[in-house]
Amino acid sequence: MFHIRRVLESHAAREAARTATEEEIQALRDELKSEEEISTTAEYLAHGSEFHRVLCNISGNRYLTALVASLAGRPLFDRAMAEPLSPETIERTVREHRAIVEAIAQGDSESAGALIDQHVAEIDHWVRDAPHIGEQPAP
């Protein structure tokens, strides 16, 4: 599933870097948060979801946006609920989102695509490293 997200979001980021207007770049910047603004799991999930939705919308392909949204939800929710968010996870996410936005703002489609690819790969690792989600301990 994350491999599909990597392909789709890399395409969206490259497209955004090529075609984004100043208003679209500003909308993406408006979604950037600081570590201090994300203090709960709900805020973390909402921020991530909205950031990726805005980025995909810039590509102009509503099907891509809907598909990415459908792939993102449940695994991230389950992982985030498995244990408390670490400050390092929040810091990494904020840093990666800022780098993606800057690549798009500079029109650097290759960097934007590579950065989102790496970001989604990090999310994949974070989800896979979760405690055994949904499993009951053996009696």
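The axes of helices α1 and α6 (residues 109-128) come within 8 Å and cross at roughly 155°, with axes taken as lines fitted to C-alpha atoms, for helices over the stretch in contact, and angles running from 0 to 180 degrees between N-to-C directions. The two helices α1 and α6 are therefore roughly antiparallel to each other; in this scheme, angles under 35 degrees count as roughly parallel, over 145 as roughly antiparallel, 65 to 115 as roughly perpendicular and the rest as oblique. The α1 and α6 crossing is right-handed, a crossing being left-handed if the near helix is turned anticlockwise from the far one by less than a right angle, and right-handed if clockwise. This is a predicted model, in which local features need pLDDT of at least 70 and side-chain atom pairs count only at pLDDT 80 or more, while totals for chains, interfaces and linings use all residues. Residues are numbered from 1 along each chain as its sequence is written, and side-chain values use heavy atoms, with hydrogens and water left out.

The protein has 6 helices and 0 strands, giving the pattern α-α-α-α-α-α along the sequence; helices (H or I, at least four residues) and strands (E, at least two) are DSSP runs, numbered from the N terminus. Of the 139 residues in the protein, 43% are buried, where buried means under 20% relative accessible area, exposed over 50%, and partly exposed in between (1.4 Å probe, protein chains only). Among the contacts with a separation of 6 or more, 83% come from residues 24 or more positions apart, contact meaning heavy atoms within 4.5 Å. The accessible surface comes to about 7700 Å², and 52% of it belongs to carbon and sulfur atoms; these areas come from the Shrake-Rupley method with a 1.4 Å probe, and for residues only the protein chains shown count as cover.

Where the two meet, the α1 side includes Phe 2, Glu 9, Ala 13 and Arg 18, and the α6 side includes Ser 109, Ile 116, Val 120 and Val 127. Phe 2, Glu 9 and Ala 13 are also among the buried residues of α1, while the buried residues of α6 include Ser 109, Ile 116, Val 120 and Val 127.

Ser 109 counts as buried at 13% relative accessibility, and touches Arg 14, Ala 17 and Arg 18, not counting residues up to four places away in sequence. Ile 116 counts as buried at 0% relative accessibility. Leaving out residues up to four places away in sequence, Ile 116 touches Glu 9, Ser 10, Ala 13, His 52 and Ile 100. Val 127 counts as buried at 13% relative accessibility, and its C-alpha atom is separated by 9.9 Å from that of Phe 2, 125 residues apart along the chain.

The axes of α1 and helix α3 (residues 41-58) come within 7 Å and cross at roughly 60°, which makes α1 oblique to α3. The α1 and α3 crossing is left-handed, and the contact is made by Arg 5, Glu 9, Ala 12, Ala 13, Ala 16 and Thr 19 of α1 with His 52, Leu 55, Cys 56 and Ile 58 of α3.

Helix α3 also packs against helix α2 (residues 22-30), the axes coming within 9 Å and crossing at roughly 170°. That makes α2 roughly antiparallel to α3, with Glu 24, Ala 27 and Leu 28 of α2 meeting Phe 51, Val 54, Leu 55 and Ile 58 of α3.

Finally, Leu 64 is found in helix α4 (residues 62-82) and is buried, with a relative accessible area of 7%. Its contacts, leaving aside neighbours within four places in sequence, are Leu 8, His 11, Ala 12, Cys 56 and Ser 59. The C-alpha atoms of Leu 64 and Leu 8 are separated by 6.9 Å, although the two residues are 56 residues apart along the chain.
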